[in-house]
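Subject: Structure handover and findings

Dear colleague,

Please find below the structure that I am handing over to you. I would be grateful if you could read it alongside the notes that follow it.

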Amino acid sequence: MLGLLSARQAGLDDPLRFRRAESTRRVLGLELNKDRDVERIHGSGVNTLDIEPVEGRYMLSGGSDGVIVLYDLENSSRQPYYTCKAVCSVSRNHPDVHKYSVETVQWYPHDTGMFTSSSFDKTLKVWDTNTLQTADVFNFEETVYSHHMSPVATKHCLVAVGTRGPKVQLCDLKSGSCSHILQVVFAGHRQEILAVSWSPRYEYILATASADSRVKLWDVRKASGCLITLDQHNGKKSQAAESANTAHNGKVNGLCFTSDGLHLLTVGTDDRMRLWNSSNGENTLVNYGKVYNDSRKGLKFTVSCGCSSEFVFVPYGSTIAVYTIHSGEQLTMLKGHYKSVDCCVFQSNFQELYSGSRDCNILAWVPSLCEPVPDEEETTNKSQLNPAFEDAWSSSDEEG
Amino acid sequence: MSRKRHRLVPETFGLKRRRERGPVEEHPLRGESGSARAAVAELVQLFPRGLFEDALPPIALRSQVYSLVPDRTVADRQLVRGVRATKTDGRRFPASRALPRSPIAQTLSRQKELQEQGEIRIIQLGFDLDAHGIIFTEDYRTRVLKACDGRSYAAAVQKFLASVLPACGDLSFQQDQMTQTFGFRDPEITQLVNAGVLTVRDAGSWWLAVPGAGRFIKYFVKGRQAVLGMVRKAKYRELLLSELLGRRAPAAVRLGLAYHVHDLIGAQLVDCVSTTSGTLLRLPET
C-alpha cells in the first residue's frame, strides 16, 4: 500500500488505481465486527434494504410485518463501537402503514426527501421522509412483488412495478395522484413478475424477470414489445427443447445490473446464477456453480462498486456467498445469520455490506482492519492521590 | 469464515499466492490444475470397462471434470471448444514440446482444442438436464462400429460416423439438418435410431447417444444414490474422503467409489472441506 501511495504521489499511477486496489482489498476482508451493530427494531423478517445513493448515509429496511425503518449508518461518535440507530420508523400503529409484508423499499434516487415502498397489500406507497406521511398511493389488482425506479433517469419519473399478474406496470410519479395511474402495460411474460430493474446506464432500458423462466429487456418508449428475451443457450437448439428461449430452468428470482450497466446477473430456482451481456443478451457462460436458491419470491442480491474486479454478494441459504463476477470464482461464504438471508446491500463509500434475514436481524459486514497499535504516550498514569495526602517534601536530594 | 480469501488478493499488493497443493493424497482430487483434457484422460481410467464387456466407450461426466479442474468457467470453455476443429495432435510437432510454455497458455489452447478438435464428444445423458457425458471420439467411433458390425443398419451408421460426426459438434440434430445438409433419408434415420446412435428428443430432433448406454445410466444413478446414502448415514452426515474410499463399496455401486466421488464433488452434492486429517465430505445443510 505504501508503494501505491508513493506511486500516486509521484504521478506514476492514476489515483483511481489506488482507490480501486484498496477497495478490492477491503472487500476481500469483509467480516462481522463486534464493534458495529444495527439496532434491532423489526419483529419479523427483514425483506428488503436500500441505502440512499446520494450520501450513502441512510438505510431503509422493510419487514414482513409491514414496518419500515430508517437507519443512520454514519458513525458520528468518536468510539469505534457504534450501533446504527433507527432515526424513525413506520410502525404498526402508523395510520398509513402497509397492511401486509413490505417487499421492496427504495429511496428516491435524487434525494432523501422521498421514498417508495411496495407490499403484498397490492399498493405502492410514496412517502415523504420528513413528515413520514404517504404522499401518494398506487393501487393494483394483484400483489406487488417488486418495484424499481431508475437511478439515472432525468427525463422521466417512472416506477416499474412487477406484480403477480403477467404485465409490468409503470407508474408516473410526476402526474400521479391517488386515482390517476399512468399504466403502460407490457404483455410478454406469462406468469408473475418476480423482479424488475432499470439499467444504470440507459434511462429507458428495463429488465424484468418472471416465474415463467424468462428475462426480458424492454425499452419503455417502444410500445410493441420487448427488445430481447434472454436465452441461456444463446440460440443453439442443441440443448433441451424444454428450456428453449428461457434464461433459467426454473423461476427467475433476482436481477441485478453491474454498476456500469454493461452486464446483467440473474439468479433462478434452478440453483444457477448467470451473467449476461446486456447489450446483445448473450449468455457469457460464466459458471458460478450451485447457487442455492429456494426463495419463492424475489431474491435481492447486490454487486460491489468501485473495485478492480467486481464482486457479487448473493444470499445463499443462511449465508451470503461472494463471487467474482467475471471469473465465476467463489471467494467466501459470509456466515452469521441464523435463518435464511433475504436481502443485502453494499455501501460503496466504505465497502460495507448490510444484510437482512428472516431472523429479524440486520448484520453489518465491515472490512476487517488491523488492530491499532497502542499509543505509548497515553499510558502514563496520573497520580491518583488526594491532595490532602500528598507530602510537601521536595523531591530534590539537595540539602537545605 | 475462510481465511483463504487473502490468497486471492491481486498482484498489486505484491502478496505471493500460497500454493494450493498440500501433501499428495492417495486420491489426488486436485491433481490436474488446469487442463480439462488431462482430467478427462484421467477420469476415463476410472471407468470400469470390464463391467460392460468393453462394448461401451469409457464415459466421464462433466461434473467429474469440475472436481479436477477447479475453475468451472475455464473447464467449460475448454470442453466446448474442444469438440469442433480438426484434431491437432501434439505428437506430430515434437519440436514444439521443447519450447517452454506457461501452463496457462497451454491449457487455454488445449481447451478450445478439445471439443473443436473433435477429440471429445459431449452426450446428453438424459436423467438430468445438466448431466453431460464426455467421450473421446476415437473410442466412440470404434465401439459403435463394433456394435453395428454385420447388422442391417451398418451402412447408415458408417455414413453417419463419416459425415455427421466430424462436421457437427452439437449434442443434438434437427430434422432439416439431417435431411438437407447431410442427405439422410427418413428410413436411414430410423435405422440410426434402431442402432442406438440417435435418441428421439421430440418430433424432428434427436440427441446423439451411445448404443447400450442405458445400463451405464442405470448403474450410475443407483450408484450415486448409494454413495450419497453412505455419507448421509454417517454420524453428523460427514465422512473423511480417505475413509469413504477405504470402505467396501455397497452392491449398488458398480462403477467404483472413486468415480462416484468425483461426480458428487463436482456436482456440489457434497461440500468438500479441507481439514488437518484430509478432505472431509459433508452433506450441505440446505
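The notes below cover conventions, confidence, and then selected parts of chains A and B.

Conventions

Residues are numbered from 1 along each chain as its sequence is written, and chains are lettered from A and ligands numbered from 1 in the order in which they are written. This is a predicted model, in which local features need pLDDT of at least 70, side-chain atom pairs count only at pLDDT 80 or more, and totals for chains, interfaces and linings use all residues, while side-chain values use heavy atoms, with hydrogens and water left out.

Confidence

The predictor gives the complex an ipTM of 0.77 and a pTM of 0.83. The average pLDDT (the predictor's confidence in each residue, from 0 to 100) is 77 for chain B, where 76% of the residues score at least 70. Within chain B, the mean is lowest in helix α4(B) (residues 94-98), at 39, and highest in β9(B), at 93. Helices (H or I, at least four residues) and strands (E, at least two) are DSSP runs, numbered from the N terminus.

Two stretches of chain B call for caution. Residues 1-28 of chain B stay under 50 in pLDDT, and the model has 44 contacts (heavy atoms within 4.5 Å) for them beyond four places in sequence. Residues 85-106 of chain B are also below 50, with 14 contacts beyond near neighbours in sequence. Where pLDDT is low, the predicted coordinates should not be read in detail.

Strand β17 of chain A

All 5 of the 5 residues of β17(A) (residues 215-219) are buried, that is, under 20% relative accessible area with a 1.4 Å probe and protein chains only, where exposed means over 50% and partly exposed lies in between. On one side these are A:Val215, A:Leu217 and A:Asp219, and on the other A:Lys216 and A:Trp218. In a regular strand the side chains alternate between the two faces of the sheet.

Strands count as paired if DSSP finds at least two bridges between them. β17(A) runs antiparallel to β16(A) (residues 205-210), with 5 bridges, and A:Ile205 stands opposite A:Asp219. Their hairpin has 4 residues between the strands, and A:Ser213 takes a positive phi near 70 degrees there. β17(A) also pairs with β18(A) (residues 228-229) in the antiparallel sense over 2 bridges; A:Leu217 has A:Ile228 as its bridge partner.

In α9(B) (residues 186-195), B:Glu188, B:Ile189, B:Leu192 and B:Ala195 are buried. These residues line one face of the helix, because they fall within an arc of 115 degrees seen down its axis, the arc being that of the directions from the helix axis to the C-beta atoms. B:Pro187 and B:Asn194, on the other side of α9(B), are exposed. The buried residues pack against α7, α8, β5 and β6 of chain B. B:Gly196 follows α9(B) and has a positive phi, near 90 degrees.

Not counting residues up to four places away in sequence, B:Val157 touches B:Val144, B:Cys148, B:Leu192, B:Ala195 and B:Val197.

With kind regards
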